[in-house]
Amino acid sequence: MISLVPLIGFTLLFIHGGSTLPPFSCDSSNPVTKNLPFCQTGLPITQRARDLVSRLTLDEKISQLVNSAPAIPRLGIPAYEWWSEALHGVANVGPGVKFDGTIKAATSFPQVILTAASFDPYQWYRIGLAIGREARAMYNAGEANGMTFWAPNINIFRDPRWGRGQETPGEDPLVVGKYAVSYVRGVQGDTFHGGKLHGHLQASACCKHFTAYDLDNWKGTNRFVFDARVSVQDLADTYQPPFESCVRDGRASGVMCAYNRVNGVPSCADSILLLKTVRGEWDFKGYITSDCDAVALIHDGQGYAKAPEDAVVDVLKAGMDVDCGSYLQNYTKSALLQKKLPESQIDRALHNLFAVRMRLGLFDGNPEQLPFSNIRTDQICSPEHQILALEAARNGIVLLKNDAKLLPLPKSTMSLAVIGPNADSPQTLIGNYAGPPCKSLATLQALKSYVKNTVYHPGCDMVSCSTAAIDKAVDIAKRADYVVLIMGLDQTQEREALDRIDLFLPGRQQELITSVAKSAKRPVVLVLLSGGPIDVSFAKDNPRIGGILWAGYPGEGGAIALAEIIFGDHNPGGRLPITWYPQDFTKVPMTDMRMRPEPLSDYPGRTYRFYKGDKVFEFGYGLSYSKYSYTFTRVSRNKLYLNHSSSLRARETSDSVGYKLVSELGAEVCGEGKLTVHVGVKNHGDLAGKHPVLLFVRHGNHGNGRPKKQLIGFQSVILNAGEVGEIQFEVKPCEHLGRANEYGLMVMEEGTQFLLVGDDKHPITIVI
Ligand SMILES: *[C@@H]1O[C@H](CO)[C@@H](O)[C@H](O)[C@H]1NC(C)=O
Ligand SMILES: *[C@@H]1O[C@H](CO)[C@@H](O)[C@H](O)[C@H]1NC(C)=O
């Protein structure tokens, strides 16, 4: 081993046997550090982190409180960048990862909203695992300055206009929570069921943005100053559950507090949220970062803190550990000098930060001996990962309409017209928070591989479509056997810092589609790219539009997946992870955080769980080339006696239903009440297919803040043509059958609830 600079002190680059490695701490050849306790891998991490923090000067300590943490040469500690992104593949959005070295690309999985549409947690896990592998490979190759990735984005997709809804797994708390757990376990290198594959973190995932953050910039209200007024009831059963799953079950090593305030208090300054809930109740062991510049905003934007130093004190006392920005670098010392802040608060934060770096294996000496050192760059864009990206696109794409079995189109199609501003743009398929994909292919090219005689016209100047070439598009449509229109949105219409104002297709897109459909030889196929829902009632009702597919932003495999579905090489099975609202919904202010309807003021409520109005398409809607039917074949019991804990007396709620607090029922009663539900599924079609089955519950009593129905389980089944299968769900009453009351407490109510699968229902009576 040759080191380039003197042994004492920090070196930027080591060369080991000819290969370059990223700088590392606790080099065994460094006599200054090799015997220090923080380098002893045999000691508990808590003890090592405490030792390290105790050796730092005050200035060194302060320097480590921001995302770009500088090196501490006298202790052999290299610089570390906390901010990296990996929403649906290793990305170059944060400063921690660049693609300007020997590695030029990483696998780009579908944007999360489409991945969610597969309702397949094992697939989500495999995607997380692949991302974690690629991330570690980049680090091992010296092309990343950090291993802390700020994903997943698990805010509830509460409002269809949200520009970042595309980044999330949708509107249902159970789906979002399960996505979070699967993704986090994968990225961090745990097993699918949560066991540890290795003692260390493969890479670190981060549950964001905590909490009630789902508005970016809508009619002059922006996320930096927005005060989300949220009821404790909505917090308990909508906003918080995904974060609780992410932390408790996923064991995420990072949490990000959001820009916005929640009921007046900036998220990053809220000790009840961060210390009491996340670290206390959810037993979080990791670091908490601010969103970028969120600390500065507490004083500069929101005026919540009177002085910059007060913002520093507020966030550190609330339990935040690292500032994405420079505010803590600039104002922590003056906060100490003004005696507003005890140094112990800084030590507390640093302890969490160094503990995570240690769990990543960054203080264990020679990286070649670490558990993840064998992950090499051949993992990046590996054939397996690229096939997984294709599979995720196939399994996510949702068939919304298929009149008279227009789809799939015959492979013998002689001529095809492809029309639309989204047909020839591989970049649009990728979505935001991405890095360069391994492969880039436009949907137009993939369709051409099926039909040689394919004619293309964009139809619009851009996706915004203020100018449309309707005559030209009609002209090519008239002459083709079949027409595929590839329309929808892109990042100019919905993205970070840009929410939509309406739900219609942009500009003259609708007019173009209708004109083309009217003059084509046969009904046309409409493909929609978008993260958020679009009001396409016009297309749903128009018999000239025979098929509609929603493809989200399907990632680097998206073009092929779409072409395969259109020409019958794949049977679609995705289901919508969000309600598709009509344009009329936009009369609701986006700033209104209430989930539940309020009939007196005409407020319709939000998401399939509460929304009362008309829908363009339902949550969970999705067709296939096969038809599936379901029945409850066996339910282990129809009555649940949760009345053993005699010390509790049923209390009365306002609608006279007896209830008990779930927290007081006790693990034994909850466990005994478990029931097993068997569902038979039949594929009535001519094609094999993968089909997600959704199990809901509906309370016998409507109203009083109860959801109309609630998803309590989902599972995919693969069935050949004509095949019958059976799947099994475990229903845990305390987890699945309770509800949040108006005090934000989960309660179990007496009475009848109905399990629902498709059109079949099964009553369960609860005795408390
Ligand atoms: C911190 O100080 C630096 C250097 O004076 C300045 O460039 C930066 O804007 C400051 N950051 C904040 C958030 O005030
Ligand atoms: C629970 O309720 C059932 C039905 O009312 C009753 O038969 C049973 O004795 C109760 N059990 C307890 C422990 O109170």
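This is a predicted model: local features need pLDDT of at least 70, side-chain atom pairs count only at pLDDT 80 or more; totals for chains, interfaces and linings use all residues.

Trainee: Is Asp 535 buried or exposed?
Mentor: Buried means under 20% relative accessible area. Asp 535 has 7%, so it counts as buried. You'll find Asp 535 in the loop between β18 (524–529) and α18 (537–540).

Trainee: What does the side chain of Asp 535 make a polar contact with?
Mentor: For polar contacts, look at pairs of N or O atoms within 3.5 Å. The Asp 535 side chain pairs with the side chain of Ser 537 at 2.5 Å. A polar atom of the Asp 535 side chain also lies 2.8 Å from the backbone nitrogen of Gln 583. Leaving out residues up to four places away in sequence, Asp 535 touches several residues, including Leu 503, Phe 504 and Tyr 581.

Trainee: Which residues does a cis peptide bond join?
Mentor: Check omega. Ala 151 and Pro 152 are joined by one, with omega about 10°, and Pro 152 sits in the loop between α4 (121–140) and α5 (173–188). Another joins Lys 208 and His 209, with omega about -5°; His 209 belongs to strand β6 (residues 206–210).

Trainee: Where is Lys 219, with its positive phi?
Mentor: Lys 219 isn't a glycine, yet its phi is about 45°. Lys 219 is in the loop between β7 (217–218) and β8 (221–222), and it is exposed at 57% relative accessible area.

Trainee: And which residues are around ligand 2?
Mentor: Tyr 641, Asn 643 and Val 767. The protein covers 35% of the 360 Å² of accessible area that ligand 2 has on its own.

Definitions and conventions. Residues are numbered from 1 along each chain as its sequence is written. Chains are lettered from A and ligands numbered from 1 in the order in which they are written. Side-chain values use heavy atoms; hydrogens and water are left out. A residue is near a molecule or strand if one of its heavy atoms lies within 4 Å of it. Accessible areas come from the Shrake-Rupley method with a 1.4 Å probe; for residues, only the protein chains shown count as cover. Helices (H or I, at least four residues) and strands (E, at least two) are DSSP runs, numbered from the N terminus. Buried means under 20% relative accessible area, exposed over 50%, partly exposed in between (1.4 Å probe, protein chains only). Contact means heavy atoms within 4.5 Å. A polar contact is a pair of N or O atoms within 3.5 Å; within protein, one must be able to donate a hydrogen and the other to accept it, and residues adjacent in sequence count only if both atoms are side-chain atoms.
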